[in-house]
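Here is a note for a colleague who is meeting this structure for the first time. Please read the points below alongside the sequence and the model.

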Amino acid sequence: MSFADKTDAPIYAGLVEEQGDVPAEVRRVAEETLREVDRALDFSSVRSPAALR
């Protein structure tokens, strides 16, 4: 979903045509980065020392 409809913000539509939908691309990259960080920092398999007793 775009930030604004073409009829609501024609200047934004023109910028999207020229430069691409930068906010959508930033959002996609940020979500992908968060998923990678979640995988890299998954401590679910690490047990606390109290659990070993």
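1. Accessible areas here come from the Shrake-Rupley method with a 1.4 Å probe, and for residues only the protein chains shown count as cover. On that basis the accessible surface of the protein comes to about 5000 Å², and 59% of this surface belongs to carbon and sulfur atoms.

2. The model is a predicted one, in which local features need pLDDT of at least 70 and side-chain atom pairs count only at pLDDT 80 or more, while totals for chains, interfaces and linings use all residues. Residues are numbered from 1 along each chain as its sequence is written, and side-chain values use heavy atoms, with hydrogens and water left out.

3. The protein has two helices and zero strands, where helices (H or I, at least four residues) and strands (E, at least two) are DSSP runs numbered from the N terminus. Of its 53 residues, 8% count as buried, a word that stands for under 20% relative accessible area, with exposed meaning over 50% and partly exposed in between (1.4 Å probe, protein chains only).

4. How many salt bridges does a search of the whole structure find? There are two, a salt bridge being a side-chain nitrogen of Lys or Arg within 4 Å of a carboxyl oxygen of Asp or Glu. In one, the side chains of Glu-25 and Arg-28 meet at 2.7 Å, N to O, and these residues both lie in helix H2, three residues apart, or about one turn of the helix.

5. Arg-28 also forms a salt bridge with Glu-32, with the closest N and O atoms 3.1 Å apart; because the two are four residues apart in helix H2, about one helical turn separates them. Glu-25 counts as partly exposed because its relative accessibility is 40%, and Arg-28 does so at 41%, as does Glu-32 at 33%.

6. A nonpolar patch on the surface is formed by Val-37, Leu-41, Phe-43 and Val-46, with about 410 Å² of accessible area together. Patches are made of residues with over 30% relative accessible area and no salt bridge, like charges being joined within 9 Å and nonpolar side chains (Val, Leu, Ile, Met, Phe, Trp, Tyr) within 5 Å. Leu-41, one of the patch residues, is found in the segment after helix H2 (22-40).
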